Amino acid sequence: MKETFTITIYTENTIGLLVRITAMFVRRRIDIESLNVAASEVEGIHRFTIVINETEEVTRKLMLQINKQVNVFKTFFNTNEEIVWQKQLLCKVAGSDTNEAIENALNIYGARRISTGDEYTVYGVAGSAETTDAVEKLLEPLGITEIVKSARIAVIKSNHAIHQKLKLIEPLNNYLSKVEDKVS
């Protein structure tokens, strides 16, 4: 049975790696629901956060393939119950007039006004997909002129620090030693 998995991949920041990783999903006809790539908690290491809807068996096999890639240090996959996650929403509406009723409703979701110009107001919120969808729906009557939603960002609920696990991986230790030597 298919379910939502959040995949975390720790890598070097190298040109072409994103293409190689996403090609693995394409070859297996796995749709990527969300993709975020950013620096991680370990200096010099980047973190991919990818959300898919697939069976656990297919996801496991994919993780084994990704782990074999040069420049990939470690992959993890988790269910929604095993992580804490959020998305962000920025929504620009026409006009700079404030609608007190809508702003009070937005406060329920933790949304706030981020910027106001002569012809626009930008609101933002971080939260679940349900939260961002609810805020978007609340702002529709004001005339949405631009909207952007971020990819999922997530941390594992487990108490273990991921960077401590990463430091135990031999190829990563070699890489970090080289980075430290260059810095010294």
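Predicted model: local features only at pLDDT ≥ 70, side-chain atom pairs only at ≥ 80, totals over all residues.
The protein chain has six helices and nine strands.

Q: Why is the pairing of glutamate 56 with arginine 60 called a salt bridge?
A: The closest N and O atoms of glutamate 56 and arginine 60 are 2.4 Å apart.

Q: Where do glutamate 56 and arginine 60 lie?
A: Both are in helix α2, which covers residues 56-67. They sit four residues apart, about one turn of the helix.

Q: Why does glutamate 56 count as partly exposed?
A: Its relative accessibility is 34%. Buried means under 20% and exposed means over 50%, so a value in between is called partly exposed. Arginine 60 gets the same label because its relative accessibility is 44%.

Q: What makes glutamate 57 exposed?
A: Glutamate 57 has a relative accessible area of 51%. The label needs a value over 50%, so glutamate 57 qualifies.

Q: How do you know that lysine 61 forms a salt bridge with glutamate 57?
A: Their closest N and O atoms are 3.2 Å apart. The limit is 4 Å, so this pair passes. Lysine 61 and glutamate 57 are also four residues apart in helix α2, or about one helical turn.

Q: What makes the meeting of glutamate 146 and lysine 92 a salt bridge?
A: The N to O distance between these side chains is 3.2 Å.

Q: Which parts of the chain does the pair of glutamate 146 and lysine 92 link?
A: The pair links distant parts: glutamate 146 is in strand β8 (residues 144-149), while lysine 92 is in strand β5 (residues 83-94). The two residues are 54 residues apart.

Q: Why are glutamate 146 and lysine 92 called partly exposed?
A: Glutamate 146 has 47% relative accessibility, and lysine 92 has a relative accessible area of 26%.

Methods
Residues numbered from 1 in each chain as written. Heavy atoms only, no water. Buried < 20%, exposed > 50% of the residue type's maximum accessible area, 1.4 Å probe, protein only.
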